[in-house]
Amino acid sequence: MRKLLELLYRFRTFFFFLFLEGIAIFMVIRFNSYQNSAFLNSSNALVGAILETGDNVSDYFVLKERNQGLSGDFAQLEEEYKRLQSQHEELSRSYSRLLSMTDSLGGMDSTLIAPTVPTDTFVSLTYIPAKVISNSVYHNQNFITLNKGANDSLAPNMGIICPQGVVGKIVAVSDNYATVRSVLHPKTIISAQISSSKVIGSVKWKEREDDKVLGQLLYIPRHVSVQVGDTVITSGYNAVYPEGTPIGIIEEVHLKDDQTFHDITINFSTDFNSLYYVYAVDHKRKQEKEELEKATQDGL
Amino acid sequence: MGSKGITAQLINFLLYTALQVLVMRNIVLFDVSFCYVYVAALLLLPLNTPQMTSMSIAFALGLFVDMFYSTPGINAAACVLMMFLRPFALKMVSSSSQSGLLEGVNVLSVTTVGFRPFLIYASVLIFAHHTTLFFVEAARANLFFQTLQKVVASGLFTLGIVVISQYLFDTTPQRKR
């Protein structure tokens, strides 16, 4: 016993080293599998405050680019607004024509053709704008920090999108900050579909190549014909991103004779280098949907 | 070590950590070269610091930097290994230069031991740090050469910045000649 204690004492530095390394490696492994401790990452209050201060300073140097980006977004929105307005006018015209037709048919009850779809079907999604205060794209595991947190009703597992497409998913929040696991992370998998053929697959980040960020579209069966240049959008199955959010454009398609699935490379539409304002997607019915799915599975 | 030495150490830690998390975190050269200049604060720890203390300091500093990268444990593991290997690096320095170089030296820096010995000391420890860091981060064998490329490119980048920063803001007292 004495000998053992002497041995331990003699190599105490080495054992202490092993102890500290053990804790560190444990954190690496544990964090990768759960990733929900808001304390140990960039949404930590102190870390978030430091990041925000740094971001406030660097903001001044890129004001011009930000302005250009925002005015581009604005122009796009205006175009969309005009399109919707003309659509609306057309619809109201045809509605009034329909009304006058029913009148001429002899006073049929107009409630029969009034819209019967409950309006809240269309508002089950809420978008919460947030500012990116820290972003990385060159690491193996990339994270984004936002300047909003639980106080602004952000929560883990919410999807993050920007006008160009998907950005990532929240992994941890503190009161005022949130850490987002970017699409550029090996653990991020997005349920996707090809917009033309509606075939469902999964998108994963593959690599960076010069300025492009490439991803893989997995599980597209070989009988489906896939064209280079098709757009890939989110499917509505995962309840993280709104259905139809752009993900990217198909860049390359390969199919070997012995493969069950296509080998598809896509080019992400989001410019991860210049993320500024993003939107957290609050899926109001998400919990309900998940509970229902769970109940169905338990019932089987 | 007097209170003056402690102040110098505190300034070192604040300076290099701030430089890391506010500036260097956003700088990447050629897509593969990262700079982890905060290790300079550990390199400049007094040589008479007990090794268990220096490893604890390294763990805390590594974990703090990790929070900014949202990768808890990776920098901490690399820093602890670096401080564990420090005696070996010191042996290499003293065996490769004239005897008595490290005598009376408490903080090993360019001003106290000169350029070449400091370069040996810093490069050994920085490469140990970066090798651990990038291989733990990759955690996959199929990225071996890509990771190795990152280790070498980032190691050179960090080493360059650390040596330059030695000349820019030197907090160690001049050695009496």
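Q: Hi! Before we start, what makes a residue count as buried here?
A: Hello! A residue is buried if 20 or more other C-beta atoms lie within 10 Å of its own. Keep in mind that this is a predicted model.

Q: Good. What share of chain B counts as buried, then?
A: By that count, 44% of the 177 residues of chain B are buried.

Q: And what is chain B built from?
A: Chain B has eight helices and two strands. Along the sequence the pattern reads α-β-β-α-α-α-α-α-α-α.

Q: Which residues have the most contacts inside the largest nonpolar core?
A: Those are A:Val167, B:Leu42, B:Cys79, B:Val80 and B:Met82, in a core of 100 residues. H4(B) gives the largest share of this core, with ten residues.

Q: Let's pick B:Val80. Which residues is it in contact with, leaving aside neighbours within four places in sequence?
A: In chain A, B:Val80 is in contact with A:Phe17, A:Leu20, A:Glu21 and A:Ala24. In chain B, the partners are B:Met55, B:Ala58, B:Phe59 and B:Gly62.

Q: How do H4(B) and H7(B) cross?
A: Their axes come within 8 Å and cross at roughly 150°. Angles over 145 degrees count as roughly antiparallel, so H4(B) is roughly antiparallel to H7(B). The crossing is right-handed.

Q: Who makes that contact?
A: From H4(B), the residues include B:Ile74, B:Ala78 and B:Leu81. H7(B) brings, among them, B:Leu125, B:His129 and B:Val136. The contact of H4(B) with H7(B) has ten nonpolar, three polar and one charged residues.

Q: Switching to the backbone: which phi value does A:Asn157 have, and where is it?
A: A:Asn157 has a positive phi of about 75° although it is not a glycine. Most residues other than glycine have a negative phi. A:Asn157 sits in the loop between strand S2 (143-146) and strand S3 (159-162) of chain A.

Q: Why does A:Asn157 count as partly exposed?
A: Because A:Asn157 has 14 C-beta neighbours inside 10 Å.

Q: And what about the phi of A:Tyr219?
A: Phi of A:Tyr219 is positive, near 65°, and this residue is not a glycine either. A:Tyr219 lies in the loop between strand S8 (212-218) and strand S9 (231-234) of chain A. With 13 C-beta neighbours inside 10 Å, A:Tyr219 counts as partly exposed.

Conventions
Residues are numbered from 1 along each chain as its sequence is written. Chains are lettered from A and ligands numbered from 1 in the order in which they are written. This is a predicted model: local features need pLDDT of at least 70, side-chain atom pairs count only at pLDDT 80 or more; totals for chains, interfaces and linings use all residues. A nonpolar core is a set of buried Ala, Val, Leu, Ile, Met, Phe, Trp, Tyr and Cys residues joined through C-beta atoms within 7 Å. A residue is buried if 20 or more other C-beta atoms lie within 10 Å of its own, exposed if 12 or fewer, and partly exposed in between; C-beta atoms are placed from the backbone. Helices (H or I, at least four residues) and strands (E, at least two) are DSSP runs, numbered from the N terminus. Two residues are in contact if their C-beta atoms, placed from the backbone, lie within 7 Å. Axes are lines fitted to C-alpha atoms, for helices over the stretch in contact, and angles run from 0 to 180 degrees between N-to-C directions. Angles under 35 degrees count as roughly parallel, over 145 as roughly antiparallel, 65 to 115 as roughly perpendicular and the rest as oblique. A crossing is left-handed if the near helix is turned anticlockwise from the far one by less than a right angle, and right-handed if clockwise. Ala, Val, Leu, Ile, Met, Phe, Trp, Tyr, Cys and Pro count as nonpolar, Asp, Glu, Lys and Arg as charged, and the others, Gly among them, as polar.
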